4 protein chains.
Amino acid sequence: MSELGFALLGHGFMGAAHSRALHALRAIDAPATPHLVSICGRDRSALEAARARYGWAEAVTDWRKQVADPRVQVFDNAAPNDLHAEPTLAAIGHGLHVLCEKPLGRCAAEARRLKQEAERAGVVHMCGFNLRFLPAVRLARELVERGELGEPVHFRARFLASSALRADQPRTWRFARAAAGSGAVADLGSHLVDLVRYLAGEPVRVSAATRTFVAERGGEPVDVDDAFSAVVELEGGAMGTLEASRAAGRRGNECAFQLDGTRGSLSFDVDRLNELELITERKQARRIDVTDPSDPFMDIWWPLPGHAIGWGDSFVHELRHLLAAVAGDGSVRPHGADFEDGHRCALTCDAILRSAETGRSQAVA
Amino acid sequence: MSELGFALLGHGFMGAAHSRALHALRAIDAPATPHLVSICGRDRSALEAARARYGWAEAVTDWRKQVADPRVQVFDNAAPNDLHAEPTLAAIGHGLHVLCEKPLGRCAAEARRLKQEAERAGVVHMCGFNLRFLPAVRLARELVERGELGEPVHFRARFLASSALRADQPRTWRFARAAAGSGAVADLGSHLVDLVRYLAGEPVRVSAATRTFVAERGGEPVDVDDAFSAVVELEGGAMGTLEASRAAGRRGNECAFQLDGTRGSLSFDVDRLNELELITERKQARRIDVTDPSDPFMDIWWPLPGHAIGWGDSFVHELRHLLAAVAGDGSVRPHGADFEDGHRCALTCDAILRSAETGRSQAVA
Amino acid sequence: MSELGFALLGHGFMGAAHSRALHALRAIDAPATPHLVSICGRDRSALEAARARYGWAEAVTDWRKQVADPRVQVFDNAAPNDLHAEPTLAAIGHGLHVLCEKPLGRCAAEARRLKQEAERAGVVHMCGFNLRFLPAVRLARELVERGELGEPVHFRARFLASSALRADQPRTWRFARAAAGSGAVADLGSHLVDLVRYLAGEPVRVSAATRTFVAERGGEPVDVDDAFSAVVELEGGAMGTLEASRAAGRRGNECAFQLDGTRGSLSFDVDRLNELELITERKQARRIDVTDPSDPFMDIWWPLPGHAIGWGDSFVHELRHLLAAVAGDGSVRPHGADFEDGHRCALTCDAILRSAETGRSQAVA
Amino acid sequence: MSELGFALLGHGFMGAAHSRALHALRAIDAPATPHLVSICGRDRSALEAARARYGWAEAVTDWRKQVADPRVQVFDNAAPNDLHAEPTLAAIGHGLHVLCEKPLGRCAAEARRLKQEAERAGVVHMCGFNLRFLPAVRLARELVERGELGEPVHFRARFLASSALRADQPRTWRFARAAAGSGAVADLGSHLVDLVRYLAGEPVRVSAATRTFVAERGGEPVDVDDAFSAVVELEGGAMGTLEASRAAGRRGNECAFQLDGTRGSLSFDVDRLNELELITERKQARRIDVTDPSDPFMDIWWPLPGHAIGWGDSFVHELRHLLAAVAGDGSVRPHGADFEDGHRCALTCDAILRSAETGRSQAVA
């Protein structure tokens with residue numbers, strides 16, 4: 001079994017999630033063993049603390065060193081949105097395989113460039129839509145593929161947080177268009193757009209409204225959305241609603257979706273991520289505890305069902321999938337989102353913003 | 001305690017619901033006792049069976065006799081949509097108090113005329129939005145009024161049925177614009193529009209899409225919608241999504257809503273109509289079993305909590321409220337919807353249909 | 001369709017429940033129409049208020065008049081436990097059909113006499129275990145009968161209230177052995193014993209403990225139990241646990257059970273009485289919304305599923321079943337509990353009390 | 001930060017769980033870093049596979065080498081029950097700190113010897129009741145300690161599996177008294193006994209029944225229980241029911257408990273291990289999502305709530321606690337169970353078996 005060298009850019013929330021997943025993979029059957037070569041950040045003392053806590057061999061303050069390091073085969077980008085493009089393009093330029101957190105770019109144009117370069121270079125490219133790697137979400141996809149729900153008819157999803165509710169919260173990079181691209185659309189909505197694409201079909205038209213509830217933070221204007229609501233029309237005729245908010249009172253990261261097909265319906269809620277609710281007979285909702293060793297991704301864990309996994313374990317599945325793609329034929333599909341998915345997601349996000357501005361429904365370019 | 005004479009037009013689903021509620025009121029504290037004078041329908045033998053089953057004194061085949069009957073004080077219209085306006089206007093003309101099932105009219109213009117005539121005549125007028133009379137829904141309203149949720153931010157509601165899923169189902173009046181006005185919008189969506197108004201505020205702008213999944217039934221065209229999805233923007237800045245469908249695979253009359261305010265959130269699902277979920281602390285969802293004698297409408301039932309009521313009991317509360325309005329000052333508010341509510345609801349329904357046709361957001365006139 | 005004259009003894013909680021059910025049956029298909037002849041109580045002014053509120057024709061203060069009234073065919077005993085035997089025996093003596101609230105007697109000996117006299121007289125006799133008439137409970141029984149759960153293995157049930165938690169609550173008749181027979185055992189436990197018999201099999205041996213948490217109320221000793229916990233062993237080898245309490249902090253009439261068989265398991269909770277949870281595949285719990293017109297007892301209500309019934313409607317089903325028995329062949333089975341069920345239940349209740357006293361497991365006589 | 005050398009005996013289910021937790025601790029703040037020195041098993045090829053998969057430095061086939069290895073400071077016993085005593089005693093003899101899986105001994109006498117030797121040697125000793133390390137269970141304990149539930153009144157717990165349902169399953173060591181001590185009592189019941197002790201108080205008296213549903217497997221007699229049901233009476237007057245089964249049809253490792261106190265009640269189910277239901281107001285059940293960084297054990301994970309942990313993470317908390325005890329004052333309390341807890345648990349398990357044999361309630365010695 002080979003080792004693969006990883007370099008990680010960013011040591012915030014996503015940096016922790018990716019680091020822990022890489023360690024977990026050292027006690028789980030995997031096609032290769034990750035070697036944690038270097039972690040990168042700007043603040044030297046915070047960086048060294050992160051290096052020690054997250055078990056990386058080296059800490060570097062310049063990602064250019066990482067992408068040029070011959071011990072590194074995979075560049076893992078967990079940095080803020082405005083650091084997605086340049087370092088990832090450089091890594092691609094060095095022939096590294098790349099995992100980039102969502103949203104792939106701040107807008108569709110930026111995402112398209114990443115996609116084009118990654119495809120041209122022939123490296124493995126993956127966009128961090130980790131929800132695809134929850135067993136229940138993957139089971140939903142399999143049920144759709146097997147036709148158990150019939151044709152998609154309706155899809156609805158919401159991602160509700162309350163992080164922007166208080167007006168006195170600081171204007172972090174998430175409230176600035178230059179750094180983030182957009183607000184709830186890019187941060188939370190991108191997950192929902194990926195889910196609708198993964199489970200119900202490609203959006204072709206969007207009607208949306210957005211809101212910025214707090215216009216100014218710390219003396220500076222907020223030039224991104226705090227929330228959006230959208231009607232999406234899908235290829236094939238299905239319709240959906242998507243909603244994300246950073247100002248939904250007292251909701252703490254509630255992310256849930258429902259899909260109705262011609263033969264059945266399903267529901268999922270991240271708060272109960274080991275469960276999938278399936279309705280294939282009227283007024284009979286089956287709560288499937290997706291913890292059986294035969295369930296998606298679950299063969300690597302425990303010999304008996306009833307042993308829930310956690311949210312962080314989605315990254316274990318995601319990174320294990322990346323290892324398989326690198327060790328194997330280079331394809332990260334069918335489970336994972338690649339840069340094409342990242343680009344297509346951005347096209348719908350852009351259409352949502354355009355519709356909100358114009359008051360007209362917008363075709364997804 | 002006085003008696004009030006009732007005349008009922010219609011003996012279908014709603015006719016049964018109203019009849020049973022009137023009987024229930026004979027064993028419950030109420031400001032007046034209903035007397036079931038006459039029931040009206042077109043098919044004489046079905047009508048006589050309904051009269052016997054539902055315990056009415058007389059059966060008549062012409063509603064004109066009912067509205068002119070001096071023993072009748074309240075005209076209860078539970079007929080199909082195209083029989084809402086004319087008989088109700090005639091009853092108003094005779095000075096009768098009126099309860100008309102939703103939607104009040106097939107379009108806003110029809111609803112406006114009913115509202116204007118009822119107000120001019122000074123009779124008690126009520127539109128049958130029975131969901132307002134579920135204790136949990138009323139509790140939601142009280143929580144909003146007391147400010148426990150802060151200012152409304154988001155509202156979402158769905159009403160999902162599967163009654164139109166099969167292409168071989170007959171083209172009943174519900175699939176014809178002339179009889180029904182519209183499809184899922186009028187039948188299911190009107191409930192959702194009333195709920196958003198009751199709980200979150202007046203819609204001022206709407207962006208929507210509609211679908212008709214089966215274009216023809218029994219050789220005749222279907223000229224109404226089978227489903228709609230809408231973004232609604234409310235007075236004061238809140239946003240919402242509304243969705244109704246008659247083609248949501250295997251959903252059996254699922255009606256649910258959520259309201260997020262600046263200080264808290266709540267959720268309700270008709271399938272568990274005795275419960276209200278309230279979130280006022282992050283990640284703590286209180287499931288309130290709304291069965292305490294101190295809960296809205298519940299003082300008339302049982303001495304101890306834990307004794308669920310049924311969907312049909314919403315009509316007991318609704319008709320008891322009507323009795324109080326007739327016996328009292330003539331106002332059906334704050335609990336009940338009156339014809340003004342019926343009219344305002346129709347304005348939003350019309351805007352939904354216009355937006356779907358034009359592909360542009362529409363102001364609610 | 002014939003009329004049947006009813007006489008009701010008692011106008012408390014159960015008196016209200018029975019009265020409302022009888023009125024409801026006037027707007028529902030039933031084999032006979034109940035006529036509410038007379039209601040009986042001791043306090044004349046409370047009785048007259050009850051008569052008016054619950055819609056009875058006459059109020060009488062002596063049940064002896066009721067049982068001798070030629071207009072009466074059914075004697076409905078909703079009085080406290082120490083008024084179960086004598087009036088019911090008198091009614092049987094007059095050849096009346098009888099419905100007696102649970103527990104049938106204060107002890108097995110008293111229950112046996114009622115059973116023997118009713119059988120000897122050949123009247124219809126029914127014991128008021130209303131939970132059997134909840135559609136979900138009846139569906140549970142049908143699933144057992146059809147063998148879908150295999151052979152019973154485990155049964156567990158609890159009935160938790162908090163009515164006796166406070167030491168300053170008055171010593172009503174429910175705290176006196178002479179009036180009530182026993183405490184939580186007779187009042188709440190009898191329901192659980194009936195359920196285990198109805199769904200899992202006859203108890204043959206019992207090991208139990210009881211507690212009286214407040215020894216004295218209002219200066220008088222409490223000589224009944226506030227709570228019990230029991231292991232029951234059933235004919236055929238299954239085992240179960242039963243628990244009832246009047247001192248379970250802040251529980252408000254929580255009644256729930258689970259049955260595990262060799263092929264499947266089910267769960268029920270009165271707080272969600274329209275639902276039955278069924279497990280026939282590992283880690284897949286089907287929540288059945290028992291509201292379809294094809295579900296037990298539901299054909300009389302609404303044309304579509306999704307319309308929940310209430311707790312009070314169990315009495316509508318119970319009394320409709322009684323009407324059918326009286327109008328038909330005299331048998332209240334298979335749905336209803338008769339006096340033999342009341343007697344068998346009392347045998348287990350007595351064994352629970354004996355085991356708690358002796359510290360030894362006890363055979364059910 | 002120091003390193004601590006671990007030796008693991010056993011590479012089955014528990015061996016995997018402990019190994020993965022030790023790796024996870026390399027990317028989490030902890031008082032010491034575990035070094036995975038050696039893993040031990042009997043089958044050389046399975047052992048080597050386990051060593052590689054679970055990331056241990058060496059594989060040895062004799063635990064005597066492990067306990068004598070100077071690089072080892074902690075002996076982690078995840079072997080079958082009949083290998084708990086001798087290797088653990090040997091490790092204690094070498095002055096190693098010890099973690100032993102539950103049940104500590106096959107009977108109370110064996111557990112007592114382990115407890116006495118560990119206390120005499122002054123090493124850190126811990127018994128693997130991992131459920132204590134679920135945040136929701138720990139929160140339950142804190143609520144009890146803070147008096148929010150008042151005095152305990154009732155406790156009920158069940159652990160339901162279906163692993164022994166089929167008669168053709170092989171007679172593993174779990175079906176043999178010599179190897180396992182007892183059946184469902186030792187394997188599943190020990191968890192429940194630890195929970196009742198942790199949350200409600202010490203059992204003083206027990207009444208129980210047991211069942212062995214399949215008397216013979218693979219031609220050999222089954223001399224342990226497949227299931228038990230017990231009433232437990234606690235110090236201070238509370239009562240409880242405990243039930244465990246390996247033959248509960250289609251239940252897949254369902255473990256749940258409820259505690260009722262004089263001021264409130266709580267419920268927990270391992271299937272939804274991130275949630276605790278708390279009732280402190282009648283008919284208001286608060287579902288607490290125990291994922292906030294301020295919740296027990298959760299400060300080491302993510303910056304925001306709503307990110308569920310998994311069952312396996314209980315071992316991360318358990319082993320981190322052990323690291324703290326070793327690095328600190330030597331005490332594993334208040335979170336962890338030590339060998340005294342293991343011994344006290346065994347006393348109640350023995351009493352359950354004695355009561356079932358004798359048909360009499362038994363004092364817990």
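Colleague: How far apart are the end C-alpha atoms of helix α5 of chain B, and what should its 14 residues span?

Modeller: Keep in mind that this is a predicted model. Helix α5 of chain B runs over residues 108–121, and at 1.5 Å a residue its 14 residues should span 20 Å. The end C-alpha atoms agree with that, being apart by 20 Å.

Colleague: Okay, and where do the buried residues of α5(B) sit around the axis?

Modeller: The buried ones are Ala108(B), Glu110(B), Ala111(B), Leu114(B), Lys115(B) and Ala118(B). They cover an arc of only 160 degrees around the axis, so they fall on the same side of α5(B).

Colleague: Which exposed residues does the face of α5(B) turned away from the buried side carry?

Modeller: Start with the cover: what lies over the buried residues of α5(B) includes α4 (85–93), β6 (125–127) and α10 (339–358) of chain B. Just after the helix, Gly122(B) takes a positive phi of about 75 degrees. As for the face turned away from the buried side, its exposed residues are Arg113(B) and Arg120(B).

Colleague: How much area do chain A and chain B bury between them?

Modeller: There are 53 residues of chain A in contact with 53 residues of chain B. In chain A, Met239(A), Arg250(A) and Arg251(A) lose the most area to chain B, together 17% of what that side buries. Of the total, 48% is on carbon and sulfur atoms, and the total itself is about 3,800 Å².

Colleague: And inside, which residues touch the most other members of the largest nonpolar core?

Modeller: Nonpolar side chains tend to be buried together in soluble globular proteins. Here the largest nonpolar core has 236 residues, and the ones touching the most other members are Phe155(A) and Phe155(D).

Colleague: Last one: is Ser45(D) buried or exposed?

Modeller: Ser45(D) has its place in helix α2 (residues 44–54) of chain D. The cut-off for exposed is over 50%. Ser45(D) has 59% relative accessibility, so it counts as exposed.

Terms used. Residues are numbered from 1 along each chain as its sequence is written. Chains are lettered from A and ligands numbered from 1 in the order in which they are written. This is a predicted model: local features need pLDDT of at least 70, side-chain atom pairs count only at pLDDT 80 or more; totals for chains, interfaces and linings use all residues. Side-chain values use heavy atoms; hydrogens and water are left out. A nonpolar core is a set of buried Ala, Val, Leu, Ile, Met, Phe, Trp, Tyr and Cys residues joined through side-chain atoms within 4.5 Å. Buried means under 20% relative accessible area, exposed over 50%, partly exposed in between (1.4 Å probe, protein chains only). Helices (H or I, at least four residues) and strands (E, at least two) are DSSP runs, numbered from the N terminus. The expected span of a helix is 1.5 Å times one less than its number of residues. The arc is that of the directions from the helix axis to the C-beta atoms. Contact means heavy atoms within 4.5 Å. Buried area is the accessible area (1.4 Å probe) that two parts lose on being put together, summed over both.
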